[in-house]
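Reader: I am new to this structure and would like to learn how to read it. Please show me the sequence and the model.

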Amino acid sequence: MDYLITEQQTMIRDLARKIADEKIKPVAAHYDETEEFAWPIMKILAESDLFGVYLPEQYGGLGGGILDMCLVTEELSRACGGIALGYAGTGLGTLPILLHGSEEQKKKYLPDIAAGKKLAAFCITEAEAGSDAGSIKTTARKEGDKYILNGTKQWITNAGEADIYTVIASTDKTKGVRGASAFIVEKGTKGMEFGKKEKKMGIRASATREVIFTDCEVPAENLISREGMGFIIAMKTFDCSRPGVAAQAVGIAQGALDHALEYARTRVQFDVPISSFQAIQHMLADMGTQVEAARALVYATARMVDSGAKSVAKESAMAKLFASDVAMKVTTDAVQIFGGYGYMRDYPVEKYMRDAKITQIYEGTSQIQRNVIAANMIKESIKK
Amino acid sequence: MASITILLDKCTGCMLCVKACPFGAIHMANKKAVIDMAKCTLCGACVEACKFSAIEIRRDAGPKKDLTAYKDIWVFCEQKKGAIQSISFELLGEGRKLADKLGVKLCAVILGSGIDDAAAELASRGADKIYMVDHPALKSYQDDPYTEVLVRLAEEYKPEAILCGATTIGRSLVSRVAIKIDAGLTADCTELDIDLKERLLLQTRPAFGGNIMATIVTPNHRPQMATVRHKVMKEAEIDATRKAEVIKKTYPGEVFNSRTKLLNIVEEIGETVNLSEADIIISGGRGMGKEGFALVNELAKVLGGAVGASRSAVDADWIPYSHQVGQTGKTVVPKLYIACGISGQIQHLIGMQSSKVIVAINKDPDAPIFKIATYGIVGDATEILPALTRAFRLVLNK
Amino acid sequence: MNIIVCIKQVPNTTDVRIDPVTNTLIRDGVESVINPFDAYAIEEAVRLKERCGGKVTVLTMGPPQAENALREAISLGCDEAVLVSDRKFAGSDTWATSYTLAAAIRKIGDYDIILCGKQASDGDTAQVGPGISAHLDIPQVTYVKKIEEISAEKAAVERMTEEGYDVVETPLPCLLTVVKEINTPRMPSLKGLMRAKSAKPFKWTADDIEADPAALGLDGSPTRVIKIFTPVQRKGGEILKGDTGDISKELAELLKDMVI
């Protein structure tokens, strides 16, 4: 389908696709197996200017928006959802600075991120604060011109690899979610450590670790916006980042579909390619339609975000909900089309199925997305 | 001036020429053929294909020159550390046939330092005459002195044709010589013959990675120069009783000047012998996995063969680039090529499809490698190789 | 340091197929790409520029559409581009091609080093690089796999041989042809792609490079293609079936004579 993207966006998509095909595909299985972080690929993405596509030109970016970021994430995910997350996770960690940071903070951090010299990470989840993000226990206590951070963030994407961390911590426990604040913490800050690398079902090329703060001193100027804005910053960040997760889901689904199509055309059973069976054809047709519908919703949402629309929470949640469910469905069907081969790790599709699952979970589970969607729908109907 | 014309009254619009053009330079307009001169190389494939003589090509390069002063077939014989390379014997074998057809002498040219012994060896391989230039500066190959000496020899003795191995040295050397003496040069020939009527060397070579073959001549320039692919021609038999006339040439010192300086010669001693020399090659691809290459090495050891690899195995750092077979690696023509866990991308096939016997082991029954394999085994190469190695050990009593 | 890199646009071999009925090349839909070996030359040129400063000029001879290859080279870091294109070049063999490129290089003028891929993937001759150096009468080193040292006056490089490699020192200006081992070409950058889009390659004709008409195209080419044909395609043979042990024995027997 032609989504009438701009010439520059076409260039971005084609370059991301080229890198995915030529550089990521050949190594995807390797990184999945070893669970190493794909630094060589991050270097290629950096040299190709892809880290800067959604950042303003005055900070070394290319001046595009969330749709540009989605195009890159989708193409990279088509080859490997895990490696793509090194890119998308940096976007997530950068958004709080881009959306709410001061001019000084933007000048200090965005150019290195745009150039791909530094990766970023976003830290909100804790052991007892998953879907219930309001119950975070990490604290930030102000002492003179510093904040002292204490607490442990869990399952942080890019932890240990990234240089720049945006951290949500409570500056006033008595105020609940209104007492949360957002901070920029640089890797190497005294009192900041990383836990062991998590062993995951999928997206194994991505680094997931704890980030542990023990009397970690952060300069007061690293506070993003004001005290108490942490939760709002997090929610606004998710509004912009969920299309990115959705794009990752679309990419994973498309990648699995590509493999399934190719396999169906070449796999011969009963003396004919299995693509000649209607049972397979209908599966392929459904998969193709679902992927395209998800893509259309993701692009439309990303465009809405880029237009500066005030409230995008519902649409972003819809995009992520729909695309991640499609990813799970399509990758499962891809394994089905491959039959026994699909279940074997020598063949690429089971990895897509493992990678797809996380898109229904992180940055808000599908259930939380439904909560967001319904809450907004009800709110809108009351207003009418 | 050379030109190509479509005779519109004869053209029936049958499109045979469109199909025949290897360069996609012909299309139809108003049911007549039109040639895009930006793409046309005047190769003449369309002229042959046209059943209606509707394409006229003019490619005569001016009046015919008097070329009678040029005679004899020369073979440039490559030596390394004083040892004549086997490609030279192949060229002498082929050169003998050509010289006999033309009724001229077969001459060997050898450059080196302290190479007196070479004369007898070259004579035994069929050379009638040997041009020998012995100088310390010629001990190892250097572009400048080798070019200068060969240019001077050719200008003085005027050979009809010069054959040279399509080796790194050969290709570097004669490419320069051909420019300096205004000669025609055809690269990487796999077949040579003589058109007796015109006294022309018919040089046939693969192009487009072996997808098409072209026969090339040098009508109006002498010498006719060709580099010839290694291991395609048969080596000349040894006849120790043969004698040859030896012409030892000396030149003034400046002829041997070299702008480049050879600082060091490094021989990389690996598990393998030189791939392009090997009669048996066992190659591994993506399907072997890193550890699987030990199995490839093992079989190569038992068979006394060399180890090759596909590009993906090299890109994955399982084995150094020097082992890569294919378009961006080496072209090999062994007697036996065993491809293990290699699917057979066109880029790989280009480098090995001229092997005499090809064995393919791959778990994908639809892998392209099976389309060119003499024998195929569908299965996991990492499981089959140990069994195959055992079987060969039995056969060879090792 | 002024670097010239010579490239050729070739059909992508991955796409080249033979029509099984007519036995001719199917060129429909075959994409044109930069000769894979030239990609290494471009990368090495850009690396040399990053190492020593200066400028990279990319040069090609070909039809007007070869401009695409030049733009791609710019997206990879080349600064200027020159296309020599003229109907008079039609039918050039390696002699006439290297003559034409040498004439264009003379017109570019100031250069310290010329880089070429070791050969083109369509012709596979490996003759044009050395031909250019012969026409320009400058030293050459072929099959270079590493530039060890380089200064304004000279370079020490590693030349691949069948047995290993030679370390060769050459004065500048010189011509080097490079092999795959020398580097891993980078991906284009978005900023490079945008620069490539707006770049204006120089377009020179035979007159512009002050070439002798008699030395151009088919007239200037000593060799003539007299026949083009499709080789007999190799056919797939026998698939051995059965237990691993049995087929291994069977194969070993079949190949016995070859391996003894």
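Reader: How many bridges join strand 13 of chain B to strand 14 of chain B, and do they run parallel or antiparallel?

Author: Strands of a sheet pair through backbone hydrogen bonds, either parallel or antiparallel. Here 5 bridges join strand 13 of chain B to strand 14 (residues 212–217) of chain B, and the two run antiparallel. Two strands count as paired if DSSP finds at least two bridges between them. Strands (E, at least two residues) and helices (H or I, at least four) are DSSP runs, numbered from the N terminus. Within this pair, Thr204(B) stands opposite Thr215(B) of strand 14 of chain B.

Author: Two notes on reading the model: it is predicted, local features need pLDDT of at least 70, side-chain atom pairs count only at pLDDT 80 or more, and totals for chains, interfaces and linings use all residues. Residues are numbered from 1 along each chain as its sequence is written, while chains are lettered from A and ligands numbered from 1 in the order in which they are written.

Reader: Which residue takes a positive phi in the hairpin of strand 12 of chain B and strand 13 of chain B?

Author: Strand 12 (residues 191–195) and strand 13 (residues 200–207) of chain B are antiparallel and joined by 5 bridges. Asp195(B) has Leu200(B) in strand 13 of chain B as its bridge partner. The hairpin has 4 residues between the strands, and Arg199(B) takes a positive phi near 50 degrees.

Reader: How is chain B divided into domains?

Author: Domain bounds come from an automatic or database domain assignment. For chain B they are domain 1 (3–58), domain 2 (73–256) and domain 3 (275–396). The C-alpha centres of domain 1 and domain 2 of chain B lie 38 Å apart. The C-alpha trace of chain B spans about 70 × 65 × 40 Å along its principal axes, and the chain has 10 helices and 22 strands.

Reader: How many residues does the contact take from chain C and from chain B?

Author: Two residues are in contact if their C-beta atoms, placed from the backbone, lie within 7 Å. The contact takes 82 residues from chain C and 91 residues from chain B. On the side of chain C, helix 6 (residues 244–254) gives the most, with 9 residues.

Reader: Which strands of chain B and chain C are joined by bridges?

Author: Strand 17 of chain B and strand 11 (residues 164–171) of chain C run antiparallel and are joined by 6 bridges. In that pair, Val266(B) stands opposite Tyr165(C). The two strands belong to an open sheet of 10 strands with mixed pairing, in the order 17(B)-11(C)-10(C)-9(C)-12(C)-8(C)-1(C)-6(C)-7(C)-13(C). Its edge strands, each pairing on one side only, are strand 17 (261–267) of chain B and strand 13 (202–204) of chain C. Another link is parallel: 3 bridges join strand 22 (residues 375–378) of chain B to strand 15 (residues 238–240) of chain C. There Ile377(B) stands opposite Leu240(C).

Reader: Why does Val53(A) count as buried?

Author: A residue is buried if 20 or more other C-beta atoms lie within 10 Å of its own, exposed if 12 or fewer, and partly exposed in between, with C-beta atoms placed from the backbone. Val53(A) counts as buried because it has 28 C-beta neighbours inside 10 Å. Val53(A) lies in the loop between helix 2 (39–47) and helix 3 (66–79) of chain A. Leaving aside neighbours within four places in sequence, its contacts include Ile12(A), Leu62(A) and Val72(A).
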